[in-house]
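Hi everyone, thanks for coming.

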Amino acid sequence: MAYIKRSYGTANGDPLTINYEADEDDFMFLIDTHQYGTDPTSISGWTQLTYNKIVLSSSHTVWYRRATASEPTSVTVSVSPTLGRHGMQLIVCGGVDTTTAFDVTHTSRTSASVAKPSFPAITPFTANSLILYINLPNNLPMIAEPGALKVDRSGSATTHGKINTYYTYGNADLFSVPALDIYSELDQNINPTAITIALRDDGNNNRKGYVDIASPTAEMLQMLGKNGETGHLSGTT
């Protein structure tokens, strides 16, 4: 199976630099989010991902790249945000097919403010695809329901500039991976960006564990949010 090798995060400043390590043919995602400032038009060597970009309190961009034999060891992004509200994350994936990294076209949610939005479902073409979820909350803390495994939860100390990433696996070809709910920790309507990506396995049998969100091993009973909020248990403090 393709798998998550490592992740890196940094926040609260501009420019932001991530020092990273990647082997040749690793497949990587670079995620940048910030309040105010300007989106960078390009980053040398990286390709911008197209998705439903919901921009309210924060703006963001996702890029991807295949690591080369002479891979750089750092990447820098400058967006000139206000008050250092700037977060960045880099995810390194191993065992991703070197010909077709994206198993099928990725999906992303459309705009609608709700207290429990979702990463949209995806149907991989190939068995054992690595399913990567990227959540950019805009302005409130968020957490995914049990089932997926956390890659990283990083970003700015303020709510503007946070990045939440998770993963699971598709367990068969042409078998739909269902939508994954993400909760606003304050039980308030929120309109985040949520991207679902299926990465094709390279067939080299890199087994790293298996998680099927259709049959999670846990159930959310109560969410304890910021400042003692009980979130989706009762909606009260």
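Before I count anything, here's the rule I'll be using: rings of Phe, Tyr and Trp (for Trp, the six-membered ring) make a pair if their centres lie within 6.5 Å. Planes under 30 degrees apart count as stacked, those over 60 as edge-to-face, and the rest as tilted. Also, keep in mind that what you're looking at is a predicted model.

Okay, so how many aromatic pairs do we get by this rule? The count comes to eight. Let's look at a couple of them. Take F27 and F29: the ring centres are 5.5 Å apart and the planes sit at 75°, so we call that pair edge-to-face. F27 and F29 are both buried. Now F29 with F102: here the centres are 6.1 Å apart and the planes are at 80°, so this one is edge-to-face too. What I like about the pair is that it links distant parts of the chain, with F29 in strand β3 and F102 in the loop between β7 and β8, 73 residues apart. Is F29 buried or exposed? Its relative accessible area is 0%, and buried means under 20%, so F29 counts as buried.

Let's move to strand β7, residues 86–94. Nine of its nine residues are buried. H86, M88, L90, V92 and G94 point one way, while G87, Q89, I91 and C93 point the other way. Which strands pair with β7? One is β1, residues 3–11, which pairs with β7 in the antiparallel sense over eight bridges. On that side, T10 stands opposite M88. Another is β3, residues 27–34, which also runs antiparallel to β7 and is joined to β7 by eight bridges. There, T33 has G87 as its bridge partner.

Now for the inside. The largest nonpolar core has 25 residues, and the ones touching the most other members are I4, V62, L130, L132, I134, I197 and L199. The elements giving two or more residues to this core are β1, β3, β7, β10, β13 and β15. The largest share, four residues, comes from β10. There's another core apart from this one, with 17 residues, including L16, I18, A67 and V92.

Beyond its neighbours within four places in sequence, V62 is in contact with a whole list of residues, among them F29, L30, I31, I134 and I195. Two of those names come back in a moment.

Next, the open sheet. Five strands line up in the order β8-β15-β10-β13-β12, with antiparallel pairing.

With a relative accessible area of 1%, T196 is buried. What does its side chain reach? The backbone oxygen of P120, at 2.9 Å. Setting aside sequence neighbours within four places, the contacts of T196 include H106, F119, P120, L132 and Y133.

Conventions. Residues are numbered from 1 along each chain as its sequence is written. This is a predicted model: local features need pLDDT of at least 70, side-chain atom pairs count only at pLDDT 80 or more; totals for chains, interfaces and linings use all residues. Side-chain values use heavy atoms; hydrogens and water are left out. Buried means under 20% relative accessible area, exposed over 50%, partly exposed in between (1.4 Å probe, protein chains only). Two strands pair if DSSP finds at least two bridges between them. A nonpolar core is a set of buried Ala, Val, Leu, Ile, Met, Phe, Trp, Tyr and Cys residues joined through side-chain atoms within 4.5 Å. Contact means heavy atoms within 4.5 Å. A polar contact is a pair of N or O atoms within 3.5 Å; within protein, one must be able to donate a hydrogen and the other to accept it, and residues adjacent in sequence count only if both atoms are side-chain atoms.
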